[in-house]
Amino acid sequence: MIDANTPVLDNHMHLDPDHGRGIDAVEDFARLGGTHLLVVNKPSWHLGVEAENGEDFRSVFERTLEVVEAASDVLDGRAWPVLGVHPGLVSRLVDERGYATEDARDVMQGGLDVAAEYVASGDALALKSGRPHYEVDDAVWAASNEVMRHAFDHGASLECAVQLHTEASESMPDVAAWAEDAGLPAHRVVKHYAAGRLEGPTPSVMSEKDRLETAAERGEPFLMETDFVDDPDRPGAVLGPKTVPRRVRWLREEGHEEAVRIAHVETPERVYDIDTVATLSDA
């Protein structure tokens, strides 16, 4: 087991208490030594919400807040919600529901407007946005970038981080520059599902040993995640909730104590202004 004084944060996890494992997954995480979670709302359509405007996302966000509160009751630390609009929604709106690209953009930006209300009130920690990780036409790509830059505008005004779901890349200087242009420091932009190295945003590294070893050896700020999807129809998808605590133990065994501190203490404070050590003592 990991000692009780070591915070262990999974930076990107989904929880579905209605159709998935929900709090059972959090208990698995905690049992192995996990202490803190950033819980990202599931894609709206996975919760049966076919949004037509920003307000339609509110039920998705409210359900996420409820499961975050329940997760905090289980953890020795606490959980925080990250709210936003999955970038894959643009394809669902345009390709499956017949929306014009501009109208799809407006729906998604409206969802971010509502998510920003929760950050402004202190009920959510950060925003989630991005652009498709798969091939799309130029119009959809442009609209997706407009949605992402809209999230940066909110992040700048709220002084909060923005998590991104994007294409695989180890260099995103353009995205970092867009954030800076909006007034959002590039280190507050977090690329989820990252490799062990990344130029531009802060990498949230998928907790596979090769990626983590690369991140640890670089000595740069990084976070750790599983992207646990909590989908009973995809039980083996991505990584399970026990993975981050197991990888923290492995990193320490490999002599990467400093990397553990960077990923679970220094970088969360730098990116999100959260104190994982102090919140351990609050439990």
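Glu213 lies in helix H7; helices (H or I, at least four residues) are DSSP runs, numbered from the N terminus. The model is predicted: local features need pLDDT of at least 70 and side-chain atom pairs count only at pLDDT 80 or more, while totals for chains, interfaces and linings use all residues. Residue numbers start from 1 along each chain as its sequence is written, and side-chain values use heavy atoms, with hydrogens and water left out.

Glu213 counts as partly exposed because its relative accessibility is 32% (buried means under 20% relative accessible area, exposed over 50%, partly exposed in between, with a 1.4 Å probe and protein chains only). Together with Asp210, Glu217, Glu253 and Glu254, Glu213 forms a negative surface patch. Patches are made of residues with over 30% relative accessible area and no salt bridge, like charges being joined within 9 Å. Helix H7 (residues 209-218) gives the most to the negative patch, with 3 residues.

## The nonpolar core

The largest nonpolar core has 39 residues, and Phe61 and Phe152 have the most contacts inside it. Such a core is a set of buried Ala, Val, Leu, Ile, Met, Phe, Trp, Tyr and Cys residues joined through side-chain atoms within 4.5 Å. Elements that give two or more residues to this core include helix H2 (58-74), helix H4 (101-120), helix H5 (138-158) and strand S5 (162-165); strands are E runs of at least two residues. H4 supplies the largest share of this core, 8 residues.

## Met148

Met148 is in helix H5. Met148 is buried, as its relative accessible area is 0%. Lys128 is 20 residues from Met148 along the chain, and their C-alpha atoms are separated by 8.9 Å.

Note on methods:
Patches are made of residues with over 30% relative accessible area and no salt bridge: like charges are joined within 9 Å, nonpolar side chains (Val, Leu, Ile, Met, Phe, Trp, Tyr) within 5 Å. Accessible areas come from the Shrake-Rupley method with a 1.4 Å probe; for residues, only the protein chains shown count as cover. A salt bridge is a side-chain nitrogen of Lys or Arg within 4 Å of a carboxyl oxygen of Asp or Glu. Lys and Arg count as positive and Asp and Glu as negative; His and the chain ends are not counted. The place of a charge is taken as NZ of Lys, CZ of Arg, CG of Asp or CD of Glu.
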